[in-house]
Amino acid sequence: MMNMLADFHVHSTYCDGKSPLEETIETAIKKGFDSIGFSGHGTTEYDMRYCMKDMPSYIAEVNFLKEKYKDRIQIYLGVEEDSYAPVDRNAFDYIIGSSHYVIRNGIYYPVDSGMERFNKCLEAFDGNHLEFAESYYSSFCNYIAVRKPDIIGHFDLITKYEETDTDLFFRDEGYWKIADKYVAEALKSGCFFEVNTGAIARELRTTPYPHERLLRIIRDGGRIVLSSDCHYAPNLAFKFDETKAFLKDIGFRTAYALYEGKFKEYSI
Ligand SMILES: [Zn+2]
Ligand SMILES: [Zn+2]
């Protein structure tokens, strides 16, 4: 297979996405997709702002649409599992495992919910960004080793605001020591890493997660999946052509996509 157009990190109105499932499928067909996977945010009891409140209806509707559209596009039922809220994996074709919080003294602090909340994360670690990073990555890697999600979601999410508001991580070699160590650890899991363009669509970043430096580590033995972390149908496969060129410069030659029930390798 020479090339494929597919996206497996896709939200809908069942969680914090703007577009209903069916509208998103229609958009994917218009864009010429080979396959698409939905990955609603698994229910997180400790933070109900953005996650799915009704997973059974989501599952039922995706399964219904899978059948309805089977002659036009392959549809997969996934979930974005937060690292602190395991879902019943039997219900899903695949799982994206993502970490959206740090926990300090029993309190869940979201790392990606705007600068006000991001600053609360830092405060929870007395302003020590390296302790914050260490806590985030160590618990994420522990989750990855235990749960082995199919796909590791936005590995370095704590750097979301690094190009706009924060100036903590990228210029600090102490941060890179931590991130390098944990990305190498996550690599041992054999899980796919997603290359996620969501923050580019939100105009927060100019390059995808994970950072290029981490992608260079992942390149040696790691396998990748392109994703847009789509919250609005027109942004499906956002900047995938540019991202493929960026990945090729780093040395990647292939990526993976769910196709005919399996993760298949294709040339980028
Ligand atoms: Zn996420
Ligand atoms: Zn997401």
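Two residues are in contact here if their C-beta atoms, placed from the backbone, lie within 7 Å. Helices (H or I, at least four residues) and strands (E, at least two) are DSSP runs, numbered from the N terminus.

This is a predicted model, in which local features need pLDDT of at least 70 and side-chain atom pairs count only at pLDDT 80 or more, while totals for chains, interfaces and linings use all residues. Residues are numbered from 1 along each chain as its sequence is written, and chains are lettered from A and ligands numbered from 1 in the order in which they are written.

1. Overall dimensions. The chain has 8 helices and 11 strands. Its radius of gyration (taken over C-alpha atoms) is 18 Å, which agrees with the value near 18 Å for a compact globule of 268 residues; the globule rule is 2.2 Å times the number of residues to the power 0.38. Along the principal axes, the C-alpha trace spans about 55 × 40 × 35 Å. Among contacts between residues at least 6 apart in sequence, 70% join residues at least 24 apart.

2. Burial. A residue is called buried if 20 or more other C-beta atoms lie within 10 Å of its own, exposed if 12 or fewer, and partly exposed in between, with C-beta atoms placed from the backbone. By this criterion, 46% of the 268 residues count as buried.

3. Strands are taken to pair if DSSP finds at least two bridges between them.

4. Helix α8. In α8 (residues 240–250), the buried residues are Phe-240, Thr-243 and Leu-247. These cover an arc of only 55 degrees around the axis, which puts them on the same side of α8; the arc is that of the directions from the helix axis to the C-beta atoms. The buried residues of α8 pack against β8 (192–196) and β9 (224–227). On the other side of the helix, Asp-241, Ala-245, Lys-248 and Asp-249 are exposed. Gly-251, which follows α8, has a positive phi, near 120 degrees.

5. The nonpolar core. A nonpolar core is a set of buried Ala, Val, Leu, Ile, Met, Phe, Trp, Tyr and Cys residues joined through C-beta atoms within 7 Å. The largest such core has 76 residues, of which Val-111 and Val-225 touch the most other members. Helix α4 (residues 129–147) gives the most to this core, with 8 residues. Leaving aside neighbours within four places in sequence, the contacts of Val-111 include His-100, Phe-118, Tyr-136 and Ile-158.

6. The β10–β11 hairpin. Strands β10 (residues 254–259) and β11 (residues 262–267) pair in the antiparallel sense over 6 bridges. Ala-257 has Lys-264 of β11 as its bridge partner. The hairpin has 2 residues between the strands, and Glu-260 takes a positive phi near 50 degrees.

7. Backbone points to inspect. Most residues other than glycine have a negative phi, and most peptide bonds are trans. The peptide bond from Tyr-209 to Pro-210 is cis, with omega near -15 degrees; Pro-210 is placed in the loop between α6 (198–201) and α7 (212–218). That loop between α6 and α7 also holds Glu-203, a non-glycine residue with a positive phi of about 60 degrees. Glu-203 counts as exposed, with 9 C-beta neighbours inside 10 Å. Asn-105, likewise not a glycine, has a positive phi of about 50 degrees. Asn-105 lies in the loop between β5 (101–104) and β6 (107–110) and counts as exposed, with 5 C-beta neighbours inside 10 Å.

8. Asp-34. This residue is in the loop between α1 (21–30) and β2 and counts as partly exposed, with 18 C-beta neighbours inside 10 Å. Not counting residues up to four places away in sequence, Asp-34 touches Met-4, Leu-5, Ala-6, Gln-74 and Tyr-259. Asp-34 and Ile-75 are 41 residues apart in sequence, with a C-alpha to C-alpha distance of 9.2 Å.
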